[in-house]
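Here are some notes to read with the model open next to you.

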Amino acid sequence: MTATAPEMRLLIIEDDRESADYLVKAFREVGHVADLASDGEEGLALAESGDYDVLVVDRMLPKRDGLSVIGSLRDKGNRTPVLILSALGQVDDRIKGLRAGGDDYLPKPYSFAELLARVEVLSRRNVGPAEETTYRVGDLELDRLSHRVARGKDELTLQPREFRLLEYLMKHAGQVVTRTMLLENVWDYHFDPQTNVIDVHISRLRSKIDKGFERPLLHTIRGAGYMIRDGIR
Amino acid sequence: MTAFGKLIRTTAFRLTLVYLFLFALFAASLLGYFAWNTRRLITEQIITTVDAETEEVSGIYDRRGLSRLVFTVESRALRPGANLYLVTTPTGQLIAGNVGALMPGVMASSGWIETAYRRLDERDNATHRALVHVSQLSGGFRLLIGRDLEERRRLFGIVAHAAQWSLLVVIVLGIGGGIFVARRVLRRIDAMTGTTRRIMAGDLSGRLPVGRSGDELDRLAENLNAMLERIEALMMGLKEVSDNIAHDLKTPLTRLRNRAEEALAKSGCEADYRAALERTIEESDGLIRTFNALLMIARAESGQARGNMDDFDAADVAIGIHELYEPLAEDDGMTLRLKTVSAPLHGNRELISQALANLVENAIKYGKPATVSAGSVVSLDAKQIVIEARREGDQVLLSVTDHGPGIPEADLKHAVERFVRLDSSRSQPGSGLGLSLASAVATLHGGELRLGDARPGLVATLAIPARTALGDRPPVLTQDVPQKVA
C-alpha cells in the first residue's frame, strides 16, 4: 500500500508490546514516522513535548488510562487529533471516548488499513478543503451550497444520500475512506452490517459519476475501501 | 454448632432475653417498692402507738407516782403480745417490765432505737429484735416502751418470698417462650438455609418454601425466589451462549486453522500463500463479527445498554434503514417498500436501528419467493419487502414483511435462538445472530420480537412499548454526542 498523504508524525500509546511494534513498523512502511509510549504517563509526557499530527491511544493503559491522558491534554489546550483504540467496542463506550475528547474511536480488533485510513483523515496535515464551498476532483465539481454536481459540462442528478456520500468522498479526496467510515459519517450508524450495503451505494454513485467517462475518479482500494482522486492509480 | 448453641444464637431468643431482663427488672422494682412501703407503714404505726403509750404511762407517773407506774407497767407487761416495757432506777436497776436483757447502752440513750433483746418470761433465751423508745421520767427513772419487730420481719419475708417465686416463674416462662419462638423461626430459617445450600451446590431449580401466613419471612422467601428465577434465567442464557460459542465459533476457527496448516504443508508459490492469507483474514473478520454480535446481545440482555436512551420517532428509523438497504434489495431483484406513521419512542436509537437492519437483511437473504431462482415470472408483490412503522395501542410496531418461504409454524419459536439458521445447508453468509439480537434489543426496551406468517412469507415485528419504554425509569438525560472531526 502506498502512502496517500504526506509523511505524518504519529504517537502510539499502547502497552501491548507486540501490537505496538507491529503498528510502528506498519506505519513506517507506508512512510510515516511513529513514536511509541508504553504507558499513560510516558504517553502524556511525549504527547505534550512532541509535535505530533495524530495520537493513537489505547484505552486501557498502565499507570494512567487512555481517557485520562486525553482529558489532561485537552485541559492544557492541546488539540492534537486523537484516535482511541479499544477492546470496548460498544456504542456507549464509543460515546464515552468521544466525550473525553477523542476525535475517532476504533474498536479492537481492527485492520491496519482501517486504522491507516482513519489516521490519515484525522491528521492535521490533511486539513483539506473543509471550509470551501466547492469541491473539485479532476473535472468533477460539487457545490455544497447549491447542491449542484457536474462532471465536465454534464450536470449530474444525485439523490440526497448520494450527494452526501460524494461530498464526504470529495472532502477527503486523495485519501482512502473505508466502508465503516462511510457508514459512520454519511449514515451515522455505528453497527457492522453483515452485507455489502455500502458497496451497492458506491456502485450506484459510480455509475452516475464515472459511467461514460474515460477517466474513472472513484477508485476501489482493495482490502481497504474507496478513494476519489484524479489520475490513474 | 450444636442445636442448642444455634438456638440461643437466634435473634428471636436474644430478643426474648432482653425483654425478660427488662420485665424482671420491672417486676422486682414493683415488689421492692411495695415491700419498702409496707415496712415504712408498719414502722410508722409502731412509732405512733408507742408514742401514745409513752405519753400515757409517763402521765400516770406524773400524776400518781412511782408505785402506780410500776403497777401499770407490770400489768401491761403480763399481757401476751409484742409489747415491751421496762422501768429502771437512775442507776439502771430494773424496777418493772418484761425485758430480760438489752444491748448495752440502750437504757442510757434516749429516743428511738432498734435493738436486740431477750424477754424476761421466755425460757429459750431467744434473741429478738425490737423498736423501742427510751424516755427519762422526773426523778431520774427511765422508761422503755417498744414493739417487737417480728411482725414486720414476717411481712417482709412474705413479700420477698412472693418476689422470688414470681421472678422464677417469669424467667422460666420467658426462656421457654424464647426457645419456642426461636425454634419456630429457626425451623423456617433452617429450611431456607437447606434450600440455599442445595442451590449453591448447583441445583438452580430449587426454590425456598413459602408459607401461607404472608409474614415477613414469607415475603423474604418470595423475593429470594424471584431473584433465583432471574439468576436461573441468566445462568441458562450463559450456558446457552457458551454452548453456542463452542459450537459456532469453533467451526470457523477449525477451518481457519486447517487452511493455515494446509498452506504451510503445501510448499506452493507466493500467490498460493497470499490467497491462503487472504482467506484467513476473511475468515477472522467473520469471526470478529460473530463475536461482536454475541457481545452486543449479551449487553442488551443484561440491560447494560440502557445508558443511551433518548426520544425519537420509529418512523425515522424505518426511513433511515429503508434508505440504506433499498439499493441492496434492488440489486437482489427485490423491492424494499416503506410504510410509516409517526410513532414516538424512547430508547436506544442505534440498537433499534441495528435490530431493524438485521430484520431487513434477513428478509433480503431469505425472503425471496421460491420460484425466483427458477427464472419464471413472479408477481411484483411477491418480490416486495415492506418495512412498516406504526403505533398500535400503547405499542410501537416496527415490522418487516417478506413473501418468501416464511418459517414453518413449528420453527417460529426456535428461530429467535442464537445461531439458529433454519437452512441447514448454511450456504448463505451471516452469523445466524440477527434474530436473536433483534429479540434482545426488543427485550431490553421492555418489548418483544414477534414472528408471524405473512401467507406466504414472514412478518417479523419489533413490538416496543411507546415512549415510557422502561417503565419506572425516568428518561435518561443524554447529552449530544460530540461530532467527529470529519
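1. Some terms before the tour. Two strands pair here if DSSP finds at least two bridges between them. Helices (H or I, at least four residues) and strands (E, at least two) are DSSP runs, numbered from the N terminus. This is a predicted model, where local features need pLDDT of at least 70 and side-chain atom pairs count only at pLDDT 80 or more, while totals for chains, interfaces and linings use all residues. Residues are numbered from 1 along each chain as its sequence is written, with chains lettered from A and ligands numbered from 1 in the order in which they are written.

2. Start with strand β3 (residues 54-58) of chain A. On one side, strand β1 (residues 9-13) of chain A and β3(A) pair in the parallel sense over four bridges, and A:Ile13 stands opposite A:Val57 in β3(A). β3(A) is also paired with strand β4 (residues 82-86) of chain A, again parallel and with four bridges; there, A:Leu83 in β4(A) is the bridge partner of A:Val56.

3. Is β3(A) mostly covered or mostly open? Mostly covered: five of its five residues are buried (a residue is buried with 20 or more other C-beta atoms within 10 Å of its own, exposed with 12 or fewer, and partly exposed in between; C-beta atoms are placed from the backbone). In a regular strand the side chains alternate between the two faces of the sheet. In β3(A), A:Val54, A:Val56 and A:Asp58 point one way, A:Leu55 and A:Val57 the other. Note that A:Asp58 is among the buried residues.

4. β3(A), helix α3 (residues 66-75) of chain A and β4(A) make a right-handed β-α-β unit. Right-handed means that, with the strands pointing away from the viewer, the path from the first strand over the helix to the second runs clockwise.

5. A second sheet to check in chain A is open, with three strands in the order β10-β12-β11 and antiparallel pairing. β10 (177-178) and β11 (218-221) of chain A each have a single partner strand, so one side of each lacks a neighbour in the sheet. Four bridges join β11(A) to β12 (residues 225-228) of chain A, and A:Ile221 has A:Gly225 in β12(A) as its bridge partner.

6. A:His32 sits in the loop between α1 (17-29) and β2 (33-37) of chain A. Why does A:His32 count as buried? Because 22 other C-beta atoms lie within 10 Å.
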